[in-house]
Amino acid sequence: MAVTRNDKCRGLLLGAGLGDALGAPFEGRSRVGSATLTAEEEAPSNLVHTDDTALTLALAEHLAARRAANPLDDAIDEDTLAQRFAEAWRREPWRGFGGGIIEVFGLIHEGVPWHRASRAIFGGEGSFGNGAAMRVAPVALVGRSLQHTVELGYRSAVVSHAHPDAQHGAALQAAAAFLALCSDPATPLDSTLFLQGLGQVVHAPAWQDKLDRIAELLTRRSTPQHAGAILGNGVAALESVPTAVLAFLRNPDDSAETIRYAIHIGGDTDTIASMAGALAGARNGAKALPTRWIRRLEPTARLVELADRLS
Ligand code: F2R
Ligand code: MG
Ligand code: MG
Ligand code: MG
């Protein structure tokens with residue numbers, strides 16, 4: 001049966017949440033063994049999400065509120081989005097936020113405008129962390145075209161991440177989510193075309209180089225460890241967004257395998273798996289995700305409700 005647009009939208013948000021919550025226990029580990037991951041997958045406990053999903057929810061809620069107030073309005077208002085992110089951190093500061101971003105959110109909460117707060121860290125250059133990319137996938141649900149989605153990706157990023165690499169990472173992940181959402185899971189995914197699409201989005205040489213490396217890695221059955229060594233697995237956007245794209249393109253038709261591969265890469269496991277999970281979920285839909293995982297995920301009901309409002 002054909003996968004509906006609504007199921008793909010649910011898959012995008014649930015895939016992001018599942019990758020985050022399943023990857024979180026392993027964040028920072030250089031290696032994740034199969035037995036350890038299987039034990040986590042089969043545990044009876046709730047799957048607890050981190051900052052990745054907390055901010056994805058905040059962005060989705062912003063987009064849904066804008067749409068409900070006036071469907072013809074601009075999808076993002078930077079000032080209120082910045083406030084919403086800062087409130088999400090204030091409400092749940094224990095969700096594992098990065099050291100730089102908590103300073104930015106703290107300043108925004110105190111009333112400092114986001115364009116100043118985002119530049120108040122790391123000597124004025126701002127964060128190059130993957131925090132803008134990890135939360136960006138919902139913009140693909142409202143983007144009218146690839147270009148529009150990329151624009152929304154950049155605009156959602158600038159409110160906290162002033163460094164160009166963090167912004168490029170968000171734009172690239174937004175574009176990947178849009179392309180995954182538009183792809184037909186009944187037809188094999190053309191990874192060359194997919195990467196060509198992404199190549200139109202970010203022109204910076206370091207990012208183009210990463211896209212070339214993804215293409216090269218896809219020609220071999222490289223292990224997750226090898227992929228991590230070539231593309232990176234750290235908290236920098238440049239060291240993790242391309243890695244998540246690779247994890248998706250390695251297993252585009254099996255969302256659970258996409259998430260497992262991403263976690264086996266090690267390093268920033270929650271974030272790489274969340275970004276990869278959003279892409280796989282957007283392509284294959286929510287019904288293709290393991291129901292035993294969805295049942296254990298804490299914010300499942302909120303993610304489904306938001307997907308339905310945005311689809
Ligand atoms: N922060 C984590 N995990 C670490 C453990 C969390 C905490 N100790 C706890 O358990 O409570 N995970 C989350 O952070 C990543 C997303 O990062 P984001 O939102 O971009 O934050 P930040 O702080 O801006 O950047 C992360 C780190 O990157 C380094 N960094 C960034 N820009 C830099 C720059 N211009 N110069 C030098 N270093 C820079 C810093 O070390 C930042 O702290 C995700 O993994 C999410 O899961
Ligand atoms: Mg996290
Ligand atoms: Mg505006
Ligand atoms: Mg992380």
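Guide: Let's start with Asp 270, which bridges the magnesium ion (ligand 2) and the magnesium ion (ligand 4), 3.7 Å apart. Keep in mind that this is a predicted model, where local features need pLDDT of at least 70, side-chain atom pairs count only at pLDDT 80 or more, and totals for chains, interfaces and linings use all residues. Residues are numbered from 1 along each chain as written, chains are lettered from A and ligands numbered from 1 in written order, and side-chain values use heavy atoms, with hydrogens and water left out.

Visitor: What makes an atom a donor of the magnesium ion (ligand 2)?

Guide: Donors are N, O and S atoms within 2.8 Å of the metal (3.2 Å for Na, K and Ca), and water is not among the atoms, so sites may look incomplete. Thr 50 (OG1), Asp 51 (OD), Asp 52 (OD) and Asp 270 (OD) lie 2.1 to 2.3 Å from the magnesium ion (ligand 2), so they count. Thr 50 sits in the loop between α2 (34-42) and α3 (51-69) and Asp 270 in helix α16 (residues 269-284), so the pair ties together parts 220 residues apart in sequence. Helices here are DSSP runs (H or I, at least four residues), numbered from the N terminus.

Visitor: Why is the arrangement around the magnesium ion (ligand 4) called octahedral?

Guide: Six donors count as octahedral if opposite ones are over 155 degrees apart and all others between 65 and 115. The six donor atoms around the magnesium ion (ligand 4) subtend angles of 77 to 180°, and the arrangement is therefore octahedral. Its protein donors are Glu 27 (OE), Asp 268 (OD), Asp 270 (OD) and Thr 271 (OG1), at 2.0 to 2.2 Å.

Visitor: How do you know whether Thr 50 is buried or exposed?

Guide: Buried means under 20% relative accessible area, exposed over 50%, partly exposed in between (1.4 Å probe, protein chains only). Thr 50 has 12%, so it is buried. Asp 270, at 0%, is buried too.

Visitor: What makes residues of α1 and α18 part of a contact?

Guide: The axes of helix α1 (residues 5-23) and helix α18 (residues 300-310) come within 8 Å and cross at roughly 145°. Those axes are lines fitted to C-alpha atoms over the stretch in contact, with angles from 0 to 180 degrees between N-to-C directions. Contact means heavy atoms within 4.5 Å, and the residues making this one include Leu 13 of α1 and Leu 303 of α18.

Conventions: Four donors count as tetrahedral if all angles lie between 85 and 135 degrees; four count as square planar and six as octahedral if opposite donors are over 155 degrees apart and all others between 65 and 115; anything else is irregular. Helices (H or I, at least four residues) and strands (E, at least two) are DSSP runs, numbered from the N terminus.
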